[in-house]
Amino acid sequence: MLQFITNPSDRYTIAQEVKMVIDGGCKWVQLRMKDASYDELKATAEDIIPICKDAGVILVIDDNVALVKELRVHGVHLGKEDMDPQKAREMLGPHAIIGVTANTADDIMAMRGIDVDYVGLGPFRHTTTKKKLAPVIGLDGYTSIMQEVKSKGNKLPVVAIGGITADDVEQVMATGVQGLAMSGAIINSDNSADYVDRVLSLLGAKQ
């Protein structure tokens, strides 16, 4: 699974980013605009909802549970300092997708018994697309964390995130994670659609 995370840039609008990654075959988009107001985020979401809907693409919004509920998109991704996932579930109902951020094995296991759908584990390496970056995990860290949570019976899908490029895909997936989230590597490539296509080919499935 590949999740594309939007990132405001000087090259493209968010809508252009979303169109390009969908052209490449991506089926999962997270709208992240950390410094945007509610109205700015809403306007952008309304721009990309039809694009995602027409292509059958899952759309989640970073952090903003109220906007997810208002616009009825697929779900929300919650950072460690965002709303409690149990409260988000109460607000959004049983069918919403809820993802949470983790940096350690303990973070992942803390979600045991809580109704969330996936964990974003990172950062893999230093990335400029996120502020307040947690300590870098690296390949050895991912391997250790995935072994630990598997031994403790974790069933939640884990998605690796943070500075990942196409050159990292095979090694990162070999640590035992179930998917990848990417942003900067895609947007900064010469051809974002082709880059997404390459990543999906490395993942072994157009999904």
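**Figure 1. D63 in the loop between strand 3 and helix 3.** The residue D63 occupies the loop between strand 3 and helix 3 (65–71); helices (H or I, at least four residues) and strands (E, at least two) are DSSP runs, numbered from the N terminus. The model is predicted: local features need pLDDT of at least 70, side-chain atom pairs count only at pLDDT 80 or more, and totals for chains, interfaces and linings use all residues. Residues are numbered from 1 along each chain as its sequence is written, and side-chain values use heavy atoms, with hydrogens and water left out. The phi angle of D63 is near 75°, a positive value in a residue other than glycine. With 31% relative accessibility, D63 counts as partly exposed; buried means under 20% relative accessible area, exposed over 50%, and partly exposed in between (1.4 Å probe, protein chains only).

Figure 2. D62 belongs to strand 3 (residues 58–62). Its relative accessibility is 8%, so D62 counts as buried. The side chains of D62 and K34 are joined by a polar contact of 2.8 Å. A polar contact is a pair of N or O atoms within 3.5 Å; within protein, one must be able to donate a hydrogen and the other to accept it, and residues adjacent in sequence count only if both atoms are side-chain atoms. When neighbours within four places in sequence are left aside, D62 is in contact (heavy atoms within 4.5 Å) with Q30, L31, R32, K34 and H77.

**Figure 3. R72 in the loop between helix 3 and strand 4.** R72 is located in the loop between helix 3 and strand 4 (75–78). Phi of R72 is near 60°, a positive value in a residue other than glycine. R72 has a relative accessible area of 75% and is therefore exposed.

Figure 4. D107 counts as buried because its relative accessibility is 19%. Apart from neighbours within four places in sequence, the residues in contact with D107 are K80 and A102.

**Figure 5. The cis peptide bond from G122 to P123.** The peptide bond that runs from G122 to P123 is cis, and its omega is near 5°. P123 is part of the loop between strand 6 (118–121) and helix 6 (138–151).

**Figure 6. A174 and G176 in the loop between helix 7 and strand 8.** Both residues of this view are loop residues: A174 is found between helix 7 and strand 8, and G176 lies between helix 7 (169–173) and strand 8 (179–182). A174 is exposed, its relative accessible area being 66%, whereas G176, at 32% relative accessibility, counts as partly exposed. A174 and L139 are 35 residues apart along the chain, and their C-alpha atoms are separated by 9.3 Å. G176 and V159 are 17 residues apart in sequence, with 9.7 Å between them in space, C-alpha to C-alpha.

**Figure 7. V199 in helix 9.** V199 is a residue of helix 9 (residues 192–203). With a relative accessible area of 0%, V199 is buried. Not counting residues up to four places away in sequence, V199 touches L2, A166, V169 and M182.

**Figure 8. The chain as the setting of the close-up views.** The chain has nine helices and eight strands. Its radius of gyration is 16 Å, close to the 17 Å that the globule rule gives for 207 residues, so the chain is as compact as a globular protein of that length. The radius of gyration is taken over C-alpha atoms, and the globule rule is 2.2 Å times the number of residues to the power 0.38. The C-alpha trace spans about 45 × 40 × 30 Å along its principal axes. Of the 207 residues in the chain, 53% are buried. Among contacts with a separation of 6 or more, 55% are between residues 24 or more positions apart.
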